[in-house]
Amino acid sequence: MVMLRIALAQVNVTVGDLAGNADIVVDWTRRAAARGARVVVFPEMALTGYPVEDLALRASFVDASIAVLREVAERLSVEGLGGIAVVAGYLDRRPGLAPRTGLPAGAPLDAAAVLHGGRVVITSAKHHLPNYGVFDEYRYFVPGNTLPVFRLPVPGTSDAVDIAVAICEDLWQDGGPVAVTRHAGASLLVVPNASPYERGKDDVRLDLVQRRAREAGAVLAYCNLVGGQDELVFDGDSILVSASGEPLARGPQFEEALIVADLELPPAVSDSGEAVDAGDGSLITIERVALPDIAAPPLAADVDPAAAAEPGPFWPRLDDLAEVYAALVLGTADYVRKNGFRTVLLALSGGIDSALVATIAADAIGPEQVHVILMPSKWSSDHSVTDAEDLVERQGLHARTIAIQAIVDSFRDGLGDFPLAGLPAENLQSRVRGVINMAVSNDEGHLVLTTGNKSELATGYSTLYGDSAGGFGPIKDVPKTVVWALSRWRNATAVAAGMTAPIPPNSIEKPPSAELAPGQLDTDSLPDYFVLDALLDDYVEKDMGSAELIAAGHDPALVARVIRLVDLAEYKRRQYPPGPKISQKNFGRDRRLPITSRWRETLPG
Ligand SMILES: Nc1ncnc2c1ncn2[C@@H]1O[C@H](COP(=O)(O)OP(=O)(O)OC[C@H]2O[C@@H]([n+]3cccc(C(=O)O)c3)[C@H](O)[C@@H]2O)[C@@H](O)[C@H]1O
Ligand SMILES: Nc1ncnc2c1ncn2[C@@H]1O[C@H](COP(=O)(O)OP(=O)(O)OP(=O)(O)O)[C@@H](O)[C@H]1O
Ligand SMILES: NC(=O)CC[C@H](N)C(=O)O
């Protein structure tokens, strides 16, 4: 057996920032080299960011991606890092026209390259293209048909190790690069990934990585992206397992990290390149390249070059609520930062939705960057003001109060004979708040956060151009019952750490109300949220039809009412801003339904 020190660089790159992402790859390779690593793995499409969506169809962007890859290889060599094998994802092309569109970008490839000795020594492309859920990869890419195997000399020995490369979805489907890795006799399979977070997915990934390592008969190094990209949040959580599936190291969730580990690997023996039945009806050609032995740069003073053949490191795991909260914070922080904002603004009502959004924002970018406006109307309760003030004091946010009644009244007066009453009058209050938010945003440059939760989005319980107006919706994928659970969890976490609970307990405990009419409660229009969320979970997430919902024990009258609300609110959801996905099926990229549709579920009997 020979020892190889590997580093997984789970980094936070930005879509389209080729120069910035190139700097990240060079910088983290430098860090990995200082810790004695001979091979460094970066995430899928690390140089372009992921997903690039229709940028893949633009020839100028593909050209720039290919050019920056070569520049990074040269820069690494110039910096004395040419002896480190760097595996990084980028966007490439195969000659020809883009699939189906005929655009001149070539046939785009979700590609990975090995950089060594100042050169791009071998490239490959993702073989299995995901085209479900949030992924649309048949729209952009053509599949890869090679398995690259690079032979890396082990320093101080005459041995070398054979390392194969597969990309993300290649692990999720049977056959393909994993199967061919065993045939190729590679002892290490490195896998760049861009796998978005959703609840419970970390356990699914660990099982998957363990199973594929056993199938490949190789140590498997899974390096995942970190960071927010519009509605997706990548959680990192990179994993290293032995060829028998035993965990060797596991990275942190929702933060950048360099995971460095020593691997004991059998030395390389085979050297044939051939086309192999990939077990999925296709042929994959094994392409081999032997890398020259290039001296590595000196180690950092405190690094032990000798093999420390012990498993690790293992970062602590987050529990379910901690994980969800971290996803919301990272998704919000990165949306703000990557879109060039420094501050956010939201309307603070004293209710739990805006309280949780304010808390997420304060945790994401710091309380001094969070601006809130209290906008009481005629129907606002006393506690709406006192609870909002309590939150501001607990967290140290920038707050101002703009009473809206005079504006609402003068709007009504300005309409002359138009009879503004009932629902239009109620919604006007919400719309006045939306207009004020946007005016302050225009003047002071804050990003406006919307406060709607998933239960409200599902049922259409929000006002168009009112409380739904804004740029980013941090809790749009969080059901109301989880809003409460997260709020209690966040307070308990603070108290356990000897800090002030950030959310006023009264905001958590009081019954929810839109306060647009006297004495109004959410339960006047909607069922109890625990009953509603259970039904929405089955209808929205699990796509059950009416008969299945009733068979699952939901009240038939409620099924009929809620299905109707959900179906009719599609137009509202389409106009809602993006927000971080935490569920298996978010409104947006995951759940796509026609707005104009006459399909209605029928009730049996
Ligand atoms: N298929 C379709 N495609 C495009 N547009 C469509 C449409 N169907 C209706 N519309 C439009 O949508 C309008 C109805 O939607 P909208 O104007 O929002 O009004 P609407 O949904 O009728 O009322 C808002 C509801 O949200 C509740 N709510 C809950 C919580 C908080 C807040 C708050 O504001 O703070 C509000 C409020 O109590 C009320 O029940 C129609 O007048 C029409 O213009
Ligand atoms: N008096 C108010 N001042 C400022 N903003 C308000 C006021 N009333 C409502 N809003 C805004 O409208 C949003 C929608 O109200 P909604 O009642 O759905 O949420 P909430 O008050 O935060 O929570 P809950 O639903 O539990 O009462 C609020 O989150 C807030 O952003
Ligand atoms: N980028 C990808 O290929 C990701 C697909 C994969 N199923 C995942 O979610 O991890």
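How do the residues of the shell around ligand 1 divide into nonpolar, polar and charged? They divide into 7 nonpolar, 7 polar and 2 charged, where Ala, Val, Leu, Ile, Met, Phe, Trp, Tyr, Cys and Pro count as nonpolar, Asp, Glu, Lys and Arg as charged, and the others, Gly among them, as polar. The model is predicted: local features need pLDDT of at least 70 and side-chain atom pairs count only at pLDDT 80 or more, while totals for chains, interfaces and linings use all residues. Residues are numbered from 1 along each chain as its sequence is written, with chains lettered from A and ligands numbered from 1 in the order in which they are written.

Of the 16 residues around ligand 1 (C-beta atom, placed from the backbone, within 6 Å of the ligand), those that come nearest are Ser-430, Thr-463, Asp-467, Ala-514 and Tyr-571. Helix H11 (residues 422-444) contributes 4 residues to this shell, the most of any element; helices (H or I, at least four residues) and strands (E, at least two) are DSSP runs, numbered from the N terminus.

The UniProt record, an unreviewed entry, lists Tyr-132, Ser-195 and Lys-201 under "binding site"; such annotations may be inferred rather than shown by experiment. Tyr-132 lies in the loop between strand S5 (119-125) and helix H3 (137-140). Tyr-132 counts as exposed because it has 9 C-beta neighbours inside 10 Å, the cut-off for exposed being 12 or fewer. Ser-195, in the loop between strand S8 (188-193) and helix H6 (201-216), is buried, with 26 other C-beta atoms within 10 Å, where buried requires 20 or more.
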